[in-house]
Amino acid sequence: MFSNNFISGYTNGINVTGLAVSSTGQEIVNNVIKNVHTGITIWSYFDRKNSNSGLRDSTIANNKIEVNVDSWRSLWGDTPNQGIWLESNSKTKIKNLNIINNHIYFYKSSSQDPHDVDKLVYGIAFGSNNLSQINSENIRIVGNIIENTLSAGIYLDMTAQSLEISENKIFNPGQSQSNFHNDYRVGILIGGNIENLSVNGNFL
């Protein structure tokens with residue numbers, strides 16, 4: 001368990017790995033993460049000794065995340081900020097992951113300069129280069145509050161079975177001044193191949 005920590009001024013607030021031989025039962029709860037480029041990064045990879053590794057039976061809950069886009073652009077340029085996201089080169093399935101009751105807040109950007117990458121700045125994002133070949137199972141995104149994202153509040157582009165998005169509150173998505181398609185300026189953006197998808201009770 002990783003809980004009740006105060007983290008401020010880091011590129012990544014917390015890395016949650018599914019790389020070890022066994023990456024089960026991880027609990028990331030009740031942390032305060034402020035003034036970061038990205039709040040929580042999830043990694044799900046094969047371990048060199050075990051082809052079945054990956055993130056399983058884990059919970060990310062009750063964390064407060066504050067993302068500061070402007071202050072990190074001078075260091076990281078057009079690398080997209082995220083609240084909670086799956087690292088884009090992850091290779092293994094995720095099973096039984098709960099993302100519950102987190103508060104993700106993006107400081108409002110003062111920049112008037114266009115940045116094409118802004119369409120990739122999400123509150124919660126699952127979109128891996130490999131996810132079309134990975135059939136993840138039982139992911140729940142429930143009861144989160146997401147504010148002021150530059151693009152969509154929640155973004156999913158994956159192959160999965162049993163995915164729930166419910167009771168989330170998403171305020172002011174699509175705040176970027178950049179010129180990209182309005183389809184990205186939404187509360188929830190879903191693609192891919194998902195069986196048994198439940199989206200209900202969200203406030204947008």
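Modeller: A salt bridge here is a side-chain nitrogen of Lys or Arg within 4 Å of a carboxyl oxygen of Asp or Glu. Glu-164 and Arg-140 meet this definition, with their side chains in a salt bridge at 3.1 Å, N to O. Because Glu-164 lies in strand β15 (residues 154-166) and Arg-140 in strand β13, the pair ties together parts that are 24 residues apart in sequence. Glu-164 is partly exposed at 23% relative accessibility, and Arg-140 is partly exposed as well, with a relative accessible area of 27%. The model is a predicted one, and a search of the whole structure finds 4 salt bridges.

Another of them joins Glu-137 and Lys-93, whose closest N and O atoms are 2.5 Å apart. This pair links distant parts of the chain: Glu-137 is in strand β13 (residues 135-142), whereas Lys-93 is in the loop between β9 (82-86) and β10 (95-100), 44 residues apart. Glu-137 counts as partly exposed at 23% relative accessibility, and Lys-93 counts as partly exposed at 26%.

A further salt bridge connects the side chains of Glu-66 and Lys-64, at 3.7 Å from N to O. Buried means under 20% relative accessible area, so Glu-66, at 10% relative accessibility, counts as buried.

Notes
Residues numbered from 1 in each chain as written. Predicted model: local features only at pLDDT ≥ 70, side-chain atom pairs only at ≥ 80, totals over all residues. Heavy atoms only, no water. Buried < 20%, exposed > 50% of the residue type's maximum accessible area, 1.4 Å probe, protein only. Helix = DSSP H or I, 4+ residues; strand = E, 2+ residues; numbered from the N terminus.
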